[in-house]
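Please look at the sequence and the structure first.

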Amino acid sequence: MTTLNIDHVSRWFGNVVAVNDITMTIGPGVTGLLGPNGAGKSTLINMMGGFLAPSTGSVTLDGQPVWRNEDIYRHIGIVPEREAMYDFLTGREFVLANAELHGLGARAADEALATVEMAYAQDRKIATYSKGMRQRVKMASALVHQPSLLLLDEPFNGMDPRQRMQLMDLLRRMGDEGRTVLFSSHILEEVEQLARHIEVIVAGRHAASGDFRRIRRLMTDRPHRYLVRSSDDRALAAALIADPSTSGIEVDLAEGALRIQAVDFGRFTVLLPKVARDHGIRLLTVSPSDESLESVFSYLVAA
């Protein structure tokens, strides 16, 4: 059983702090590394894979340091987000080259290509591949030596629905076999479908950790903001402000609407239509005004 330990790891580039004092343990099974774009996920994965040195802290795999330890690559497979590939090679030639680096031959390359369902296009030049096909060939090259730890940076980018389902099934099987699989994503639903455990990164900081039910609950329980237009905004505001499910209501004259902060999401969604009905007020617009991933994740950091 392979365990990856990240211990008080930070990484900065000049005056920019990309990763800030992160500690986590990644064990067997599938773990999702969730966070908005620019959160530091790729930097963290590069340190996990031994391609980037931590500025402070340490990354170890089963107690062995990852940085400057070439033996570790017998156990690690990595699928980077970057598209840099040898476009003049065929898919098979690319995977075979990676197999040979591990002292393996054509059989290992062919098995890896079959695993990701790319045997049908293995003799085509990579230059002719779609983004989804490139992702699958990168996956084959990472799997060719049967690593116990697999690191994937936004692996579903560019894949069509069938390709995504096939890769999800493959990663689930690997997790069930006892391998340690970590993949990054900025899409919560993607992580929910696949990961048993989720680590949330925001602005280089470790924001939350747990199974997807806990993370979803944290997101649901946060204060929600709504933009509401009605036939009588002032009467509606007066009726709502007395209820403990709301913590603040602002009349936005420029928008001709109310800006409402709800601290009890479930109660507020029942209360709003009831109050409108009881007071003879028509609701014209009810829309969330803070549903971006950045706003959700920023709440987790502050929680």
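## Helix α2 and its cover

Among the elements that cover the buried residues of helix α2 are α3 (106-115) and α4 (131-143). Helices here are DSSP runs of H or I with at least four residues, strands are runs of E with at least two, and both are numbered from the N terminus. Buried means under 20% relative accessible area, exposed over 50%, and partly exposed in between, with a 1.4 Å probe and protein chains only. In α2 (residues 91-101), the buried residues are G91, F94, V95, L96 and A99.

## Basis of the model

The model is predicted: local features need pLDDT of at least 70, side-chain atom pairs count only at pLDDT 80 or more, and totals for chains, interfaces and linings use all residues. Residues are numbered from 1 along each chain as its sequence is written, and side-chain values use heavy atoms, with hydrogens and water left out.

Strand β8 covers residues 180-185, and six of its six residues are buried. T180, L182 and S184 point one way from the strand, while V181, F183 and S185 point the other way.

Strands of a sheet pair through backbone hydrogen bonds, either parallel or antiparallel. Two strands count as paired if DSSP finds at least two bridges between them. Strand β3 (residues 29-34) runs parallel to β8 and is joined to β8 by six bridges; G32 has F183 of β8 as its bridge partner. Strand β7 (residues 149-153) is also paired with β8 in the parallel sense, over five bridges, and L150 has V181 of β8 as its bridge partner. From β7 the chain passes through helix α5 (residues 161-176) to β8 in a right-handed β-α-β crossover. Right-handed means that, with the strands pointing away from the viewer, the path from the first strand over the helix to the second runs clockwise.

## The four-stranded sheet

Four strands form an open sheet in the order β12-β13-β11-β14, with antiparallel pairing. Its edge strands, β12 (246-252) and β14 (283-288), each pair on one side only. On average, neighbouring strands of this sheet are turned by 20° against each other, direction ignored. Six bridges link β12 to β13 (residues 257-262), and D252 stands opposite A257 in β13.

Helix α8 (residues 233-241) lies across β11 (224-230), β12, β13 and β14, and runs at about 165° to β12. Axes are lines fitted to C-alpha atoms, for helices over the stretch in contact (heavy atoms within 4.5 Å). Angles run from 0 to 180 degrees between N-to-C directions.
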